[in-house]
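In this notebook I record what I looked up in one structure.

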Amino acid sequence: MNKLLLLSVMGTFAVAQGADAAKPEKPWIVDRFDDIKVIRYEVPGFEKLPLREKELIYYLSEAAKCGRDILFDQNFKYNLVVRRTLEQIYTSADKRDRKSQDFAALEKYLKKVWFANGIHHHYSNDKFRPEFGEEWFREQLSKYVSECEIPVDMLCAIIFDPELYPTRLNQTDGVDVILTSANNYYEGVDQQQVEQFYSEMAERYKDDKEPISYGLNSKLTIDDEGNVVERVWHIGGMYSPAIEKIVYWLEKAATVAEPVQRQTIEALIKYYRTGDLKDFDAYNILWVKDLDSNVDFVNGFIEDYGDPLGRKASWEANVNFRDEEACRRTRIISANAQWFEDHSPVDPAYKKKEVKGVSAKVITVAMLGGDCYPATPIGINLPNADWIRKEYGSKSVTIDNITYAYAKAAQGNGFNEEFVLRKADRERMAKYGKLADNLHTDLHECLGHGSGQLAPGTKGNELRTYSSTLEEARADLFGLYYLGDEKLVELGLIPSLDVAWAQYSQYIMNGMMTQLSRVEPGKNVEESHMRNRKLIAEWCYEKGRKDNVIEWVECNGKRYIIVNDFKRLRELFGELLREVQRIKSEGDYEAGRALVETYAVKVDADLHAEVLRRYKALNIEPYGGFVNPEYRLVYDASGKRLIDVVVSYPADYVGQMLGYGRDYSLLPSLN
Ligand code: ZN
């Protein structure tokens, strides 16, 4: 539950121009369609790495690409059928057919499917509406697809019928969230059966001091005798062909890794073989303890955002190495972790007496895979298991080359001019926005998620569907609260509190207003990071109302939100942090539910329409994602000895997606 998505609506902040202002740059945005822009990112410093580390990155990168089909299948049972059928039409259609409007619409739809790893939007979870005709599509099918893997009528219903599988993830209060979510984590079971299955399991292992994350790596379904059973994802189980190939590349990686890292990789391989979550925990412990390896990676079933009950994890991968210069910031924060914990506004009973192993680093990403591709978090804090975090700490990273690419892609897009009323706020954001964003991410990841402790008897799963939102709120509030602390000036992290005020204006504006540009008309806020931001902003607005801390202003028929009292706003962040920590520590489901349902969900339709209108006029796509770099092994003249690994930056989204579909198509269409 710990990935951080981009805070702002795609880079409201300028990047300092500095030395690279002079040379003309290759465009950063490589493709645009619908509400998406695709950006390329660079991997500065790769060339300078020792050959052994380059080779390690190469193998880990291959492993990162091999789980792509798993994610498609997890997101929805028929995603692979749809993707492959569309790709077949797309690549084999003749010149005449390619000229039609329907074909252009099919291309757009396919680009969206690639981006979302399925037929549901990666962020809103709603099923895409195709803009090509069904009759035309059936004609193309008969022309270019010799054998469809499911009946044509069924395929057409999946694509064209808006009533069928309308959402991938339903979190609506009071309905059966399992039966109404189209993801492929459960089949043939309802919410009550799922909850019973896992509460019985938790009961069986209730004395385990090192509880595994029950259900993390399996699909829950019904066997032939009608029993509720798990189909576990491992070699020999579900998704075996893709996992075998992941393991193949991990084995290669192990041969060039240093001893400590080799052990870690071997532990991961063992877990992929057994599917035993005890092995997963053993791997996580090795992984979290390895703070020295320059190259690092994430590879596995990690985050549970895609499951309405927050149990099943989607497959994701990421390969990275340390960005030494930028690490200074997070080293200072980590070194002072105990001070931050001791001085936080939460109830002393719910503070950690001893903050352990808060490691933090800034990394350069070399490859994104699975649920980190093409849309990726900009910070990661793992592992997720509470007991491991408590005993061994967690590793926390912010990804600098990705935020850099976002900011480059957003330069001069007119966003701040449209939504920020006061010149002083705009100037503060332009001057300090990037630093403020980075620091907030650091505080959120290095300290926020790792802070606090549960009351005796609280298990940590009491908040159920509200847990992700409240956990993100807790981490965000920790970051917001301390961003405005003089301690940061004292530590030399910020020149003045203006950095915090830049973030405060931006955060409130985003939470109450501009993030609505990502929500479809008529919809409520669903995604947990968005809910978290709305919760914080709306709560502070209401509690600060009598002092006019935050204010709506109307000017030339447009609405703006401004912060009048930054210091008081900081106190409000502190009060809410105290309450959210209490809710988590006590597992107070009712209070958590009331907070989220009151402040984080419902959208004002008028305001929403206005934001969409103003945003649309700017022609900015609200979502961004990335094309990966490519790596090539270079051998000497004998062809036997590896002499280098070369990186290149393709600027072709379609080419990369078709290439991945060709080279990493490792699962059957139905699993
Ligand atoms: Zn987070």
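**Entry 1: Phe137 and the core.** I listed the contacts of Phe137, where contact means heavy atoms within 4.5 Å. Leaving aside neighbours within four places in sequence, Phe137 is in contact with Leu86, Ile89, Leu106, Phe132, Leu155, Cys156, Ile159 and Phe160. Phe137 and Tyr631 have the most contacts inside the largest nonpolar core, a set of 207 residues. A nonpolar core is a set of buried Ala, Val, Leu, Ile, Met, Phe, Trp, Tyr and Cys residues joined through side-chain atoms within 4.5 Å. Buried means under 20% relative accessible area, exposed over 50%, and partly exposed in between, with a 1.4 Å probe and protein chains only. I noted as background that nonpolar side chains tend to be buried together in soluble globular proteins.

**Entry 2: basis of the values.** The model is predicted: local features need pLDDT of at least 70 and side-chain atom pairs count only at pLDDT 80 or more, while totals for chains, interfaces and linings use all residues. Residues are numbered from 1 along each chain as its sequence is written, and side-chain values use heavy atoms, with hydrogens and water left out.

**Entry 3: H3 and H5.** I took helices (H or I, at least four residues) and strands (E, at least two) as DSSP runs, numbered from the N terminus. Axes are lines fitted to C-alpha atoms, for helices over the stretch in contact, and angles run from 0 to 180 degrees between N-to-C directions. The axes of H3 and helix H5 (residues 101–116) come within 10 Å and cross at roughly 140°. H3 and H5 are therefore oblique to each other; angles under 35 degrees count as roughly parallel, over 145 as roughly antiparallel, 65 to 115 as roughly perpendicular and the rest as oblique. On the H3 side, the contact includes Leu86 and Ile89, and on the H5 side it includes Leu106. I counted nine nonpolar, no polar and three charged residues in this contact. Ala, Val, Leu, Ile, Met, Phe, Trp, Tyr, Cys and Pro count as nonpolar, Asp, Glu, Lys and Arg as charged, and the others, Gly among them, as polar.

**Entry 4: H3 and H25.** Helix H3 (residues 79–92) also packs with helix H25 (residues 653–663), at an angle of about 120° and with axes 12 Å apart. Arg83, Glu87, Tyr90 and Thr91 of H3 meet Val654, Met657, Leu658 and Gly661 of H25.

**Entry 5: backbone exceptions.** Most residues other than glycine have a negative phi, and most peptide bonds are trans. I found a cis peptide bond between Tyr373 and Pro374, with omega about -5°, and Pro374 is in the loop between strand E8 (358–370) and strand E9 (379–382). Another cis bond joins Leu382 and Pro383, with omega about 0°; Pro383 lies in the loop between E9 and helix H14 (386–392). Tyr165, not a glycine, has a positive phi of about 45°, and its relative accessible area of 31% makes it partly exposed. Asn619 has a positive phi of about 55° and is exposed at 63% relative accessibility.

**Entry 6: Lys112.** Is Lys112 buried or exposed? Lys112, which is found in helix H5, counts as buried at 8% relative accessibility. Not counting residues up to four places away in sequence, Lys112 touches Phe33, Asp34, Gly118 and Phe128. Its C-alpha atom is separated by 9.2 Å from that of Asp35, 77 residues apart along the chain.
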